[in-house]
Amino acid sequence: MKITEAPYYRHIGQEAEVFEHAFRNKLPLLLKGPTGTGKSRFVEYMAWKLERHLITVACHEETSATDLIGRYIIKGAETVWQDGPLTRAVKEGAIIYLDEIAEARPDIIVAVHSLTDYRRILYIDKLGTELVADDNFMLVASFNPGYQKGFKELKPSTRQRFVSLSFNYPEEKTEREILVNEAGLDEPTAKKLINIGNKIRNLTELGLTETVSTRLLVDAGKLIQSGLPKRLAVKSAVVEPLSDDEETLEALTDLANLMI
Ligand code: ADP
């Protein structure tokens, strides 16, 4: 995908500089952090800035090396080889973004191994060939360290192959700016949403696997902007996605209703 218009991205620190230097030095990059904290948006922004095509793969438990590298497919009476997204990125000099890399099958770690060091080679076993990556190829992956139970780990030996950046929930002023820009909210409503977000983020005793991300607040903001009553917007976009437990939902709804 060629990104023609600058995506809105609110810089948090010096992450753009780190990305740019990693790119120039042909180093792979790992973005760590909970879901909804701007990792994908950041990669889109950087692809635009560096004028590279971006190929995104949303990894899930069935994603295998074959999905990334390519496979033979049947076309009419013939079988033809079809490059996977990683092979295309390696050839074209694109940025490939493996979103939630730890979710995928372990064989994809093996597949990217030789691309993450100085060799920058992709082995295509099924074709018996190897490809040297284009100078502009870059591998970016994201990983949710999962401070709480239930998330998959990434081995230290794999992590050490990547230059890494941490993402987290932004501080209030920054998050407000994001909400105003992304959802078109007025400042006071944005502030109220963020207060709700921060309150829930601090309720560690609820044992939520994931808490309120900036994404959820942006979504609530969009619903409010399009005319949905505020309480209903917060319930649907912020509270409901967090849990399926009735008591928890009730407690969170009461809390949110008091705050908006
Ligand atoms: P992740 O990839 O970490 O799951 P995303 O990049 O998809 O998260 O971000 C989710 C949403 O949150 C974005 O669509 C955007 O609306 C908003 N967002 C979060 N952080 C930022 C940021 N720094 N700048 C702009 N938008 C942001």
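Which residues that surround the ligand are the closest?

Mentor: This is a predicted model, in which local features need pLDDT of at least 70 and side-chain atom pairs count only at pLDDT 80 or more, while totals for chains, interfaces and linings use all residues. Residues are numbered from 1 along each chain as its sequence is written, and side-chain values use heavy atoms, with hydrogens and water left out. The ligand is surrounded by 17 residues (each with a heavy atom within 4 Å of it), and the closest are Gly36, Lys39, Ser40, Arg41 and Glu182. Turning to the backbone, a N or O atom of Arg10 lies 2.9 Å from a nitrogen atom of the ligand, a polar backbone atom of Thr37 is 3.0 Å from a ligand oxygen, and a backbone N or O atom of Arg41 lies 2.8 Å from an oxygen atom of the ligand. Helix H2 (39-49), helix H7 (172-183) and helix H9 (214-225) are the elements that give two or more residues to the shell around the ligand. Because domain 1 (15-166) and domain 2 (172-259) both give residues to this shell, the ligand lies between them.

Definitions and conventions:
A polar contact is a pair of N or O atoms within 3.5 Å; within protein, one must be able to donate a hydrogen and the other to accept it, and residues adjacent in sequence count only if both atoms are side-chain atoms. Helices (H or I, at least four residues) and strands (E, at least two) are DSSP runs, numbered from the N terminus. Domain bounds come from an automatic or database domain assignment.
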